[in-house]
Amino acid sequence: MKCKKCKTKAVIGLPRHNAAFCKPCFNEFVHDQVARAVKSERMFGPKDRILVAVSGGKDSLALWDILLKLGYRADGLYVDLGIAGYSARSREKVERFAETTGKRHQATLLIHTVQEEEGAGIRELADLVNRPTCSACGTIKRYQFNRAAVDHDYDVMATGHNLDDEAARLLGNVLHWQEEYLEKQGPSLPASVEGFAKKVKPLYRLAERELAAYAVLNRIDYIVEECPMAKGSKMLLYKDVLNRLEIESPGTKQSFYWGFLDKQAKAQPAPVSMAEKDQATLHPCSLCHQPTTAEICSYCRMMARAKAGSLR
Ligand code: SF4
Ligand code: ZN
């Protein structure tokens with residue numbers, strides 16, 4: 001197997017592109033895919049301050065690495081969920097990356113510790129409010145990422161969602177015809193109202209397997225194990241189904257998700273109508289002032305229930 005570009009020995013084959021690359025040409029390919037995503041979706045510019053949500057996994061650490069190497073001003077934010085063992089191991093990976101690559105590029109790591117700020121680890125909190133752990137976790141992470149980006153004056157918040165994540169999410173949304181989610185499923189969500197940070201997904205053109213290869217080839221030390229709470233999740237099932245289709249027919253995930261984005265772009269001027277919709281439905285939470293459709297936002301409601309639950 002020879003590199004498509006320079007004809008030396010290839011280290012990775014990419015069936016969906018009918019190509020193979022050596023390490024330097026593969027790195028160039030990965031960086032180029034991110035640069036194309038940033039440009040075509042108008043995610044951010046060279047002067048913007050970016051806050052990358054890092055979990056310790058390959059995707060978010062690779063994203064932070066790529067943005068720094070492309071010369072962007074990118075800091076990291078890690079949310080420590082307080083999941084015994086797993087959180088300590090993933091936090092260590094993030095801190096080590098920040099100490100080495102981050103420091104070299106003058107990047108900072110912000111840490112939000114759920115145990116300290118919300119008063120209990122994510123499992124305990126979810127029990128107190130009688131919600132599935134992942135649902136409570138989603139509320140906290142969305143809230144804290146947005147709040148950190150807004151409070152620290154970042155221009156944009158970036159997450160490490162890759163092509164596999166987005167294709168699996170699209171499959172779930174289509175299977176259940178969740179039209180409201182479908183409308184918001186894009187790689188770039190505008191800061192539609194005051195108090196909402198712009199959110200982008202610069203890895204949407206890269207597959208999970210390609211990011212794992214990038215992390216290994218560039219010696220990024222990431223946590224390999226999944227969060228223990230992910231076990232049995234629908235997303236893992238959808239990913240598995242899509243992986244089987246991809247083996248039979250390389251390029252399936254890409255044509256499914258990118259095709260959706262194409263149709264979405266042709267069907268409506270999404271950012272404008274979405275921003276208008278948000279402006280009509282969102283207003284500041286009466287407790288924390290972050291934008292919400294209700295009087296009190298879901299985070300504040302959850303925290304009030306947790307407090308009441310712990311007093312019983
Ligand atoms: Fe949070 Fe669930 Fe994801 Fe774990 S699997 S990080 S608990 S949403
Ligand atoms: Zn609130």
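The four donor atoms around the zinc ion (ligand 2) subtend angles of 104 to 114°, which makes the arrangement tetrahedral (four donors with all angles between 85 and 135 degrees). The model is predicted, so that local features need pLDDT of at least 70 and side-chain atom pairs pLDDT 80 or more, whereas totals for chains, interfaces and linings use all residues. Residues are numbered from 1 along each chain as its sequence is written, chains are lettered from A and ligands numbered from 1 in written order, and side-chain values use heavy atoms, without hydrogens and water.

The zinc ion (ligand 2) is coordinated by the SG atoms of Cys285, Cys288, Cys297 and Cys300 at 2.2 to 2.3 Å; donors are N, O and S atoms within 2.8 Å of the metal (3.2 Å for Na, K and Ca). Along the chain, these donors follow the spacing C-x2-C-x8-C-x2-C. Cys297 is buried, with a relative accessible area of 5%, while Cys288 is partly exposed at 22% (buried, under 20%; exposed, over 50%; partly exposed, in between; 1.4 Å probe, protein chains only).

Asn18 lies in the loop between strand E1 (12–14) and strand E2 (19–21) and is exposed at 70% relative accessibility. Arg219 is likewise exposed, at 78%.

Notes
Four donors count as tetrahedral if all angles lie between 85 and 135 degrees; four count as square planar and six as octahedral if opposite donors are over 155 degrees apart and all others between 65 and 115; anything else is irregular. Helices (H or I, at least four residues) and strands (E, at least two) are DSSP runs, numbered from the N terminus.
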